[in-house]
Amino acid sequence: MRVSELRALDIINIEDGRRLGPIIDLDLDLEKGMIKGIIVLASSSRGKGFFGGARGGGDVFIPWEKVVKVGVDVILVDGRELFNFNY
């Protein structure tokens, strides 16, 4: 799967079935060649992210360990301990 294909997938919290928003960025560990997490756009954010989406005050960081399943049209995440962060 390509990064551009990840962007089109819905992010769903398996705890409550809520759609969290689109992926706007990836947190990569280039030394290990791993994805550390995904950054999801919060509805109140503004600005531009790596993929051209908005970013800023309320984006949600989802550690890769919280990704339960990457499907053909959704990414399921365990959202019990997600948090917002600022750049």
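Entry 1. I began with β5 and found that this strand is mostly covered, with five of its five residues buried. I note that the model is a predicted one.

Entry 2. I then asked which residues of β5 lie on each side. D59, F61 and P63 are on one side, V60 and I62 are on the other, and all of them are buried, so that both faces of the strand are covered.

Entry 3. I looked for the pairing of β5. It runs antiparallel to β4, and four bridges join the two strands. Opposite F61 in β5 stands I39.

Entry 4. I turned to the largest nonpolar core, which has 13 residues. I11, I62, I75 and V77 are those with the most contacts inside this core. At least two of its residues come from each of β3 (23-29), β4 (34-40), β5 (59-63) and β7 (74-77).

Entry 5. I asked what I11 touches beyond four places away in sequence. The list holds R18, R19, L20, G21, I23, I38, V40, I62, I75 and V77.

Entry 6. Of its 87 residues, 40% count as buried. The chain exposes about 5600 Å², of which carbon and sulfur atoms supply 51%. Among contacts between residues at least 6 apart in sequence, 48% join residues at least 24 apart.

Technical notes:
Residues numbered from 1 in each chain as written. Predicted model: local features only at pLDDT ≥ 70, side-chain atom pairs only at ≥ 80, totals over all residues. Heavy atoms only, no water. Buried < 20%, exposed > 50% of the residue type's maximum accessible area, 1.4 Å probe, protein only. Contact = heavy atoms within 4.5 Å. Areas by Shrake-Rupley, 256 points an atom, 1.4 Å probe, with all protein chains shown as cover. Core = buried A, V, L, I, M, F, W, Y, C linked by side-chain atoms within 4.5 Å. Pairing = 2+ DSSP bridges.
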